[in-house]
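Please look through the structure below before reading on.

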Amino acid sequence: MNTSAPRHFPATRLRRMRRDDFSRRLMQESTLTPNDLILPVFVLEGENQREAVASMPGVERLSIDLLIEQAREAYALGIPALALFPVIGAEQKSELAEEAYNSSGLVQRSVRALKEALPELGIITDVALDPYTSHGQDGILDEHGYVQNDRTVDTLLKQALSHAEAGADVVAPSDMMDGRIGAIRQVLEQEHLHNVRIMAYSAKYASKYYGPFRDAVGSAANLGKADKRTYQMDPANSDEALHEVAMDIAEGADMVMVKPGMPYLDIVRRVKSELQVPTFAYQVSGEYAMHRAAFDNGWLEAEPVILESLMCFKRAGADGILTYFALEAARLLQR
């Protein structure tokens, strides 16, 4: 933007345009609507089952029948898509995560049920192995405990294909393995699933903001004191994120993800400005939990802060936002 033209007081009074509601609205640079929101949901086995997530007040794990009810509410509010995350029982976890690509698995059944009930609602599935591994890592380990990249990609291919065949509109690899986007795109093309979109978690950082999510999907205990720094990005790095995003787009990603969200809005801005691709961000579980704690303790006013926090994503350049506040925000935006 050219800022070289001199602007001097009192000829220029920037507060003039802030004086009245109509002029504030006319000059507003960013807008937030339900179209910008994606609701992350947690699904578990059973019928008429709901479990509160203690570290995420207001968020529940739901069985498929109750998840469909929540999906109907989201659709009625104008939210275009859900992001689906499974809660897998300990008996189904293994070293090699075979349950991840079970055609009759929890995610695959959930996708089919959601698409039958609400065919126009977008369904995004998480392509990652950590809910399914007995060790809580996002891949297959070698004898030294290191996540094997290419062997993991082989399993991710099977998982992504099983989701697409079940009817998922978008598969979202969140594992941060090298080369998995190109491999998944090739398999989807080979199977004539040309219109299944890929949302690549391209800039996913090794963040401590994910703790409540790991509680929600039941991988925290399996992971223990281990971390994911050998494959997720260093929070100190910015340029690296641009390389990751560029590679994923070149390999066939339709859209890219920055995760976490608010602490990494500088990355969102760089990705959108420098690469000009569909850019999404995830207001992750730790961000949600901090906000909710402040609301519940009366330290912050919930409704305006929810909307302000989401507007920050739009101002930074995000095309869409995964947020556990999606239902509340959509209701507020309809007032």
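A residue is called buried when its relative accessible area is under 20%, exposed when it is over 50%, and partly exposed in between, using a 1.4 Å probe and protein chains only. The model is predicted, so local features need pLDDT of at least 70 and side-chain atom pairs count only at pLDDT 80 or more, while totals for chains, interfaces and linings use all residues. Residues are numbered from 1 along each chain as its sequence is written, and side-chain values use heavy atoms, with hydrogens and water left out.

Asn 48 is exposed, because its relative accessible area is 55%. This residue sits in the loop between S1 and strand S2 (50–52). Helices (H or I, at least four residues) and strands (E, at least two) are DSSP runs, numbered from the N terminus. The backbone of Asn 48 has a positive phi of about 55°, although the residue is not a glycine. His 192 also has a positive phi, near 60°, and is likewise a residue other than glycine. The loop that holds His 192 runs between helix H5 (180–190) and strand S9 (197–204). With a relative accessible area of 62%, His 192 is exposed.

Two peptide bonds deserve a look as well. Pro 10 belongs to the segment before helix H1 (21–26). Another cis bond leads from Lys 259 to Pro 260, with omega near -5°. Pro 260 lies in the loop between strand S10 (255–259) and helix H9 (265–275).

Next comes the interior. A nonpolar core is a set of buried Ala, Val, Leu, Ile, Met, Phe, Trp, Tyr and Cys residues joined through side-chain atoms within 4.5 Å. The largest one here has 108 residues, and those with the most contacts inside it are Phe 42, Leu 82, Met 199 and Tyr 282. Phe 42 is buried, at a relative accessible area of 1%. If residues up to four places away in sequence are not counted, the contacts of Phe 42 (heavy atoms within 4.5 Å) include Met 56, Leu 62, Phe 85, Phe 213 and Tyr 324.

How are the rings of Phe 42 and Phe 213 placed? A pair of aromatic rings is described by the distance of the centres and the angle of the planes. Rings of Phe, Tyr and Trp (its six-membered ring) pair if their centres lie within 6.5 Å; planes under 30 degrees apart count as stacked, over 60 as edge-to-face and the rest as tilted. By this rule there are ten aromatic pairs. In one of them, the centres of Phe 42 and Phe 213 are 5.6 Å apart and the planes stand at 55°, so this pair is tilted. The two partners come from distant parts of the chain, 171 residues apart, with Phe 42 in strand S1 and Phe 213 in helix H6. Phe 213 is buried too, at 11% relative accessibility. Both rings belong to one aromatic cluster, together with Phe 85, Tyr 282, Tyr 288, Phe 295, Tyr 324 and Phe 325.

On a 1 Å grid over the protein atoms alone, a cavity is a set of points where a 1.4 Å probe fits but cannot get out; a pocket is an open set with protein on both sides within 12 Å along at least five of seven lines, and lining residues have an atom within 4 Å of a point. Grid points are joined across faces, edges and corners, and a volume is the space filled by probe spheres set on the points.

The largest pocket has a volume of about 320 Å³. Its lining has 19 residues, and the closest to its centre are Gly 58, Val 59, Glu 60, Gln 70 and Leu 327. S1 gives the largest share of this lining, four residues.

The structure also holds two cavities of 30 Å³ or more. The largest cavity has a volume of about 100 Å³, and Phe 85 and Phe 213 are among the residues that line it. S9 and H6 are the elements that give two or more residues to this lining. The second largest cavity has a volume of about 60 Å³. Helix H8 (residues 239–251) gives the most to its lining, with four residues.
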